[in-house]
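Dear colleague,

Please find below the structure that I promised to hand over, with the sequence alongside. My notes on what was found in it follow directly after.

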Amino acid sequence: MRPLEDDLPRRRPRWGVRRVLVVAACACAAAVLLGAGPPAVPSPYVVVLGIAQDAGHPQAECAGECCASAFNDPSSGHSVASLGIVDPASGERWLIDATPDFPRQLRSLNELVDGRGAPDGILLTHAHVGHYTGLMHLGREAMGAADAVVHVMPKMKTYLSGNGPWSQLVRLGNIRLAPMADGRWVRLNERVRVRPFVVPHRDEFSETVGFVVEAGATKVAWLPDIDKWSTWRKPVEELVAEVDVAWIDGTFFGDGEVRRDMAEIPHPFIVESMQRLGALSAEARAKVRFVHFNHSNPVLNDVGPEAEAVRSGGFGLAAEGDRVELR
Ligand SMILES: [Zn+2]
Ligand SMILES: [Zn+2]
Ligand SMILES: [Zn+2]
């Protein structure tokens, strides 16, 4: 007969474990005596989880050179643009945009904090396919999430509530829509806050926003989609000035990159942005990192001449896994 738990001899901590605890306690006490104080609480940070335009890389049915290697070797492809926000002290994590690559991006985010399930919040920029359709993974056919918080602007709220299949997520309580307003800070927890700001874009179903994320004395901006800079009433230089890092729309490198009328899909070309921001100081230019690359964008080749031109201009290119500490 198996003895009851109480009948088993009490296990004492093995000497190895006790020794580690004693050494750790001594080290901590010594650190305090030496004036180092208790160990610092780790800072929140943001992490880039994807850098591609809505349709990803490779793009469906692309027969071009740009997607050949990504079709043959998925590890050379890229996920759709998304930014994770992490507070390692509380284990909370948030996601800017729910992309078609949501399953892998959520897994990457959860692994950072040993988390499970839906993020503590999802903040949506707009209703173009690369930015919200990942919400489907929260529904009945997939995770079956309960009350996952999705931060939305007013038109996005109306759109998701009034159109299937998204309306079913709302009706079944898989997601809970939390309203945001242009320019108003949203407090994610006691250390991290975010501010949406409206920008001009092809707003067929919703308005479009970028976000400023702030914690400690650090601010970063995430602006994957905007029409030309000239159509925004705020000069982009002001955005760059007010943050420490600005990820901005770098969808296309230049005109003629895709065989269709590019006036119908306006974005600031990287060459235009470099020209416009080229007059800024080296310090200001170093804050700028392009993101949201179309499969056709030659900067996806990190060692190509276009990527080199961006770097030699003093600007940066987003890469998956890039982190910025918010301290
Ligand atoms: Zn997009
Ligand atoms: Zn391609
Ligand atoms: Zn868009």
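In this predicted model, the residues of strand β9 divide between two directions, with Thr 208, Gly 210, Val 212 and Glu 214 pointing one way and Val 209, Phe 211, Val 213 and Ala 215 pointing the other, and all of them are buried. In a regular strand the side chains alternate between the two faces of the sheet. Since eight of the eight residues of β9 (residues 208-215) are buried, the strand is largely enclosed by the rest of the structure.

As for its pairing, β9 runs antiparallel to strand β8 (residues 192-199), to which eight bridges join it, and Phe 211 of β9 is the bridge partner of Pro 196. With strand β10 (residues 218-223), β9 pairs through five bridges, again in the antiparallel sense, and here Val 212 has Ala 221 of β10 as its bridge partner. The hairpin of β9 and β10 has two residues between the strands, and in this hairpin Gly 216 takes a positive phi near 55°.

The other element I looked at is helix α8 (residues 270-277), whose buried residues are Ile 270, Ser 273, Met 274 and Leu 277. Seen down the axis of α8, these buried residues fall within an arc of 100°, so they line one face of the helix. An α-helix has 3.6 residues a turn, so residues three or four places apart point the same way. The buried residues of α8 pack against the helices α7 (236-242), α9 (282-285) and α10 (305-312), and also against the strands β11 (245-249) and β12 (288-291).

Best regards

Terms used. Residues are numbered from 1 along each chain as its sequence is written. Chains are lettered from A and ligands numbered from 1 in the order in which they are written. This is a predicted model: local features need pLDDT of at least 70, side-chain atom pairs count only at pLDDT 80 or more; totals for chains, interfaces and linings use all residues. A residue is buried if 20 or more other C-beta atoms lie within 10 Å of its own, exposed if 12 or fewer, and partly exposed in between; C-beta atoms are placed from the backbone. Helices (H or I, at least four residues) and strands (E, at least two) are DSSP runs, numbered from the N terminus. The arc is that of the directions from the helix axis to the C-beta atoms. Two residues are in contact if their C-beta atoms, placed from the backbone, lie within 7 Å. Two strands pair if DSSP finds at least two bridges between them.
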